[in-house]
Number of protein chains: 2
Amino acid sequence: MSEERRVALVRGAFASDLPGVTVGIGDDCAVLERVGEPLVWTVDAQVEHVHFERAWMGLSDIGYRSFMAAASDLAAMGARPVGALWALALPATFSDEDLAALAAGVAEAAREVGVAVVGGNFTRASELGLTTTLLGAAASPVTRQGAAVGDGIWVAGALGLARVGLEACRLGVAGDPALAAAVAAFRRPRARLEAGRVAPRPRAMVDVSDGLALDLSRVAPHALLDEGALLARGGEGLAAMAAAVGLDPIACILHGGEDYALVAASPTALPGFARVGEVTASGGLRVRGPRGEVAVAPRGFDHFGG
Amino acid sequence: MSEERRVALVRGAFASDLPGVTVGIGDDCAVLERVGEPLVWTVDAQVEHVHFERAWMGLSDIGYRSFMAAASDLAAMGARPVGALWALALPATFSDEDLAALAAGVAEAAREVGVAVVGGNFTRASELGLTTTLLGAAASPVTRQGAAVGDGIWVAGALGLARVGLEACRLGVAGDPALAAAVAAFRRPRARLEAGRVAPRPRAMVDVSDGLALDLSRVAPHALLDEGALLARGGEGLAAMAAAVGLDPIACILHGGEDYALVAASPTALPGFARVGEVTASGGLRVRGPRGEVAVAPRGFDHFGG
C-alpha cells in the first residue's frame, strides 16, 4: 500500500470536525488555532515486543492504550488536551485491515479524551511502533516538584489491576470471566484527565506508568504509605485476581506499572482522590501494614530492563 | 544503561536556557510559555535501514539530519520554531558514546534552528529510530493548497545534490573530495526556515523531501518546468558529480528527494527563491529543455517502497 493510501485510510478513521483545528492530516504540518494558556507537551512510544505483544490483545486495544498512555502524561500536569499527532512504524506485513483496526482504537481513545488527531507520520520498520505526541494547555501546570513534608499522598484511579491483567494475558487466561476487570484495566486503561484538573491544585503530581513505588519516588523520595488504603485502590477483587495468576497484590500495586492512575501530594483533600499515605522528611519509601513498616525499593516496571 | 541515566545524558547535551521554556526535559510533560499565534505542528521519523545506514555517516550526522528533516516541515508552512520533542528507539547494543554522538548532532541542529529540545521518550527497539516532533508558530501559515494557474514556481535551496551524496555513500566513495558538496548536502541538510518566512507570502508551499516531481504535484498537479533553471538549482558541480556516481542530474532533481529545499507558487517574485517554472491549467508535470517538452511522472523517493 502506498503512503498516500495509508494517509487516506487513517484520515477517514479520525473525526475531522473538531474545533480548534485549522489544517488537519495531509499537509506538511497541522495548524491549530491560537491557545490562550501555557502549552503542555509530551511524546510517548509503544513498541511491539517491548510494551505489548499482539497475542495479548487486538490491534484496536493496542491503538487505544498507546494513546491513553500519552494522554496520561497530560493528566499528570493537570492539562486539558488540545491536539494529537500519531507517528506509526509498520512492518511490511501490516495489512489495510490491520491499519484500520489500529486507527479505530486510536480514534476511540481520542474521542473519549475529546481531542483531534491532526497529523502524523508513516515509516516502515521491522516492529510495529506507535508514537503519540499530545499537546495540551493549562493555566498553571502541576509538575513533579513541590511536595512538602506532611503533605498527604492522594491517588485517583485503580492501582495494581493492570499488572494482574498483563499476567493473565501472558498466561493465556485473559478470557477467564473472573479476571475481566484486570484484563480490561490492562487492555483499555483510561487517562485521568478530569481528575488531573482537580481543585484545589495539588502541590505535585505524576502518573503511574512504571509502578507506584518508582513514580512516587519522583515526587517524594520519602513517604509512608498505608497498606490497607493501597489495597483499597485495587478494588474488591484485586487480591483474588492477583492470587489466581500467582501474584502478590501489594507487589502489583507498588511495582506493576501501566495503571495510569494519578498520584498527587497535597496538604488538603483532593476531590476524586483517595489518601494512601504521607510525605515524610526521611526514611525512603515505606509501607505500614499489619506486620509493621516495610521498606520499599523505588523499583518499577523498567521497559528498558524488561 | 537505565532510562534515568539516559535522560540525564541527553539533558546534558541540550541547551536548557532558551527563552519560552518553563519546564524542560525530565517531568511528565514539557511546559512552554503561551504562544501568541496559531500553532504549526509536525512529527517525522527516521528509521535505520529505511532512511539511513550507519555505514553512510556518523551518528551525529544521523541525529542532525533527522532533526532538520522535521524542521523542514515547519519551514514549508512559513513558521518559526517554538520547541522540539525527541523520541528515540534504541537497539540493546547502543552504547553511552553512541547516544552522546546522536544527541550532539540533534543539539547542533536544534541550536542552528534556534529551538530548544524540551522533552522526549526512550524505548528499546531492534532498529535505531529517531522521531522528532516540532512545534512552531505562524500568523498566517502557508499550506499546500492555493496555487493558481499562471503562478511562478519558485525554489529556495539546492536540488539534486542530496541524491548524488546518497549514491556516493552507497558506493563507498563519500570520501572523494570532488563529491564533498553532494555528500554534505546529504549528510547535513539545512531546513530553510528563514527562506520559508519570505515576504510576500507565497500562495502555496511544500518542502522537497520525496523529490521535486512528487512534492510539486502536491501543490500543482499541472506545471511546466525549465530544465536550465532546474539544473542551476543543483549548483555548478551537480552535472559532474552526478556523472561520477552514474546518475542523471535531472533525474536526481526530479526524483531524488531529501533536498529539503522549498518549492512555492507565487504570482510575484520571492526574495531568496529562484523561478524554475509555471503553474499550468492542464497537461500534468512537464520539463522543457533543449529536446522540447518531456512529461514527468509524479514519482519520488517513496520510503515505503524503498
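## A strand pair across two chains

Let's start where the chains meet: strand β3 of chain A pairs with strand β2 (residues 30-32) of chain B, antiparallel, over 3 bridges. Here, helices (H or I, at least four residues) and strands (E, at least two) are DSSP runs, numbered from the N terminus, and two strands count as paired if DSSP finds at least two bridges between them. Which residue of β2(B) is the bridge partner of V40(A)? That partner is V31(B).

Keep in mind that this is a predicted model, where local features need pLDDT of at least 70, side-chain atom pairs count only at pLDDT 80 or more, and totals for chains, interfaces and linings use all residues. Residues are numbered from 1 along each chain as its sequence is written, while chains are lettered from A and ligands numbered from 1 in the order in which they are written.

## The wider interface

Zooming out, 55 residues of chain A are in contact with 55 residues of chain B; contact means that the C-beta atoms, placed from the backbone, lie within 7 Å. On the chain A side, the elements giving two or more residues include β3 (39-47), α2 (59-76) and β4 (80-90). β3(A) gives the most, with 8 residues.

What kinds of residues are these? The chain A side divides into 27 nonpolar, 15 polar and 13 charged. For the sorting, Ala, Val, Leu, Ile, Met, Phe, Trp, Tyr, Cys and Pro are nonpolar, Asp, Glu, Lys and Arg are charged, and the others, Gly among them, are polar.

## A sheet in chain B

Now look at chain B, where 7 strands form an open sheet with mixed pairing, in the order β8-β10-β7-β11-β9-β12-β13. β8 (204-207) and β13 (292-296) of chain B sit at the edges with a single partner strand each, so one side of each has no neighbour in the sheet. On average, neighbouring strands are turned by 25 degrees against each other, direction ignored.

Inside this sheet, β7 (residues 152-156) and β11 (residues 274-279) of chain B run antiparallel and are joined by 4 bridges. V155(B) has A274(B) as its bridge partner in β11(B).

## Two helices in chain A

Helices α1 (residues 3-13) and α3 (residues 96-113) of chain A have axes that come within 9 Å and cross at roughly 35 degrees. Axes are lines fitted to C-alpha atoms, for helices over the stretch in contact, and angles run from 0 to 180 degrees between N-to-C directions.

Among the residues making the contact are L9(A) and V10(A) of α1(A), plus L99(A) and A103(A) of α3(A). By class, this contact has 8 nonpolar, no polar and 2 charged residues.

Notes: Contact = placed C-beta atoms within 7 Å.
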